[in-house]
Amino acid sequence: MSHTQVISDVDESVSMGITRDSDVRRLLVITYHFPRYGAVGGQRCAVLSKYLARLGREVHVITASPASPEDGTPGVHRHFRRRRRTLDDLYKAASGRFRRTSNAHRQHAPEIPRRPRFSPLLGPVAALRRILGSSTYLPDQGRGWVGRATGAARALLRDRKFDVVITSGPPHSAHFAGLLATLGRDAEFWIDMRDPWSTMHEMHKPEDRVIRAERFFLRRLERLVFPRAARVLVNTREFESALSADEPELDVVWFPNGIDLEQLPARDLSAVEKCSISYVGTLYANRNLSSVLAAMRALGRDRPNAAAMLRLNVAGPLDAPNRDRMNRDIAAAGLASQVSIHGVLPRAEALELLSRSHLALVLAQDQPM
């Protein structure tokens with residue numbers, strides 16, 4: 001039996017066994033990401049769903065993240081809907097094949113020096129390519145999934161009464177599934193924003209006309225969705241203040257992120273590595289370790305004996321600019337023997353790394369809100 005078939009059978013059997021008692025408080029969560037697969041942002045919905053279920057709520061989650069057969073939280077019912085392929089997927093697949101073919105030919109062909117050619121149409125052509133590219137993936141990676149999530153949500157709302165439908169993003173296109181699903185229904189529609197939407201679009205790239213146009217488009221989508229929501233949850237005070245000032249008629253509530261203590265490994269103090277620092281997370285946009293590496297280098301100059309004890313662990317995805325920058329900083333500081341880059345680790349291993357570290361590091365430089 002295939003993995004997908006197992007998920008479908010579990011989903012169907014769970015749905016058929018749900019009580020129709022009108023006194024049961026029910027919550028429907030629509031989120032693209034959800035453990036065990038998906039981005040770390042899915043942990044927010046997962047942990048809240050777990051503890052609401054323990055309080056006697058019946059929680060249903062519609063997600064694009066499949067589960068393995070052994071996954072499951074009592075009282076939390078997962079409804080997996082696979083994302084369909086989009087034009088952007090087809091384009092990436094075709095361009096990947098083209099690059100592989102071109103590289104193969106280039107390896108066997110003699111190198112021929114080429115003179116640079118002036119092209120007055122390079123600017124407009126590049127802009128046109130970017131605009132066409134944007135049209136295939138905007139508003140976000142949830143494209144290709146929102147329609148299926150909407151259908152699943154409307155089917156559940158026809159079958160039983162829900163008190164609240166809450167959508168979580170990014171990807172923020174999930175909010176359209178909640179909006180469309182609750183049209184003509186009694187269930188309240190709430191929005192959970194783990195990050196700002198239009199204001200943070202492509203924040204790590206230099207702003208140009210194309211990015212401004214994309215942000216304008218996303219802002220129009222915000223204006224379409226926000227007025228339909230009974231409540232908007234945000235995860236920082238700064239975001240709450242900014243959104244409340246921008247949308248004074250919205251019911252904006254600050255609901256911070258947290259930690260599920262049950263998921264943390266027991267901390268054995270005897271296993272803690274003295275003077276060890278660990279960063280576990282993605283390095284992208286303005287997040288970088290340059291200041292930490294500079295501090296380690298300065299300590300090595302002023303107090304070499306103490307600096308020799310320092311160890312820095314880095315775990316998580318690295319985008320290309322940050323990888324190059326960090327490698328240059330490590331080499332310049334002479335810290336190759338004191339910095340360990342672990343790459344992407346399974347969640348349990350990442351938590352274990354933090355557990356045996358002396359200090360855990362969090363980065364968020366120059367990020368709005």
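1. Two strands are said to pair if DSSP finds at least two bridges between them. The model under discussion is a predicted one.

2. Some totals give the setting. The chain has 369 residues, of which 40% are buried. Its secondary structure amounts to twelve helices and eleven strands. Among the contacts with a separation of 6 or more, 73% are made by residues 24 or more positions apart in the chain.

3. Seven strands form an open sheet with parallel pairing, in the order E3-E2-E1-E4-E5-E6-E7. Its edge strands are E3 and strand E7 (252-254), each of which pairs on one side only. On average, neighbouring strands of this sheet are turned by 20° against each other, direction ignored.

4. E4 and E5 pair in the parallel sense over six bridges, and the bridge partner of Ile166 in E5 is Trp190. The chain passes from E4 through helix H6 to E5, and this β-α-β crossover is right-handed. A right-handed β-α-β unit is also made by E5, helix H7 (residues 209-225) and E6. As for burial, five of the six residues of E5 are buried.

5. At one edge of the sheet lies E3. Strand E2 (58-63) and strand E3 (76-80) pair in the parallel sense over five bridges, and His60 stands opposite His77 in E3. Which residues of E3 are buried on each of its faces? Val76, Arg78 and Phe80 are buried on one side, and His77 and His79 on the other. In a regular strand the side chains alternate between the two faces of the sheet. Five of the five residues of E3 are buried.

6. The buried residues of H5 are Val146, Ala149, Thr150, Ala152, Ala153, Leu156 and Leu157. They cover an arc of only 165° around the axis, so they lie on the same side of H5. An α-helix has 3.6 residues a turn, so residues three or four places apart point the same way.

7. What covers the buried residues of H5? The covering elements include strand E1 (26-31), strand E2 (58-63), strand E3 (76-80), strand E4 (164-169) and helix H6 (174-182). On the face of H5 turned away from its buried side are the exposed residues Gly147 and Arg158.

8. The loop between helix H4 (122-137) and H5 contains Pro139. Is Pro139 buried or partly exposed? Its relative accessible area is 22%, and therefore Pro139 counts as partly exposed, because buried means under 20%. Leaving aside residues up to four places away in sequence, Pro139 touches Ser173, Leu218 and Leu221. Pro139 and Arg215 are 76 residues apart in sequence, yet their C-alpha atoms are 9.8 Å apart in space.

9. A further open sheet has four strands in the order E10-E9-E8-E11, with parallel pairing. Strand E10 (339-343) and strand E11 (357-361) are its edge strands, each pairing on one side only. The twist from one strand to the next averages 25°. Strand E9 (residues 311-315) pairs with E10 in the parallel sense over four bridges, and Asn313 stands opposite Ser340 in E10.

Key:
Residues are numbered from 1 along each chain as its sequence is written. This is a predicted model: local features need pLDDT of at least 70, side-chain atom pairs count only at pLDDT 80 or more; totals for chains, interfaces and linings use all residues. Side-chain values use heavy atoms; hydrogens and water are left out. Buried means under 20% relative accessible area, exposed over 50%, partly exposed in between (1.4 Å probe, protein chains only). Helices (H or I, at least four residues) and strands (E, at least two) are DSSP runs, numbered from the N terminus. The arc is that of the directions from the helix axis to the C-beta atoms. Contact means heavy atoms within 4.5 Å. Axes are lines fitted to C-alpha atoms, for helices over the stretch in contact, and angles run from 0 to 180 degrees between N-to-C directions. A crossover is right-handed if, with the strands pointing away from the viewer, the path from the first strand over the helix to the second runs clockwise.
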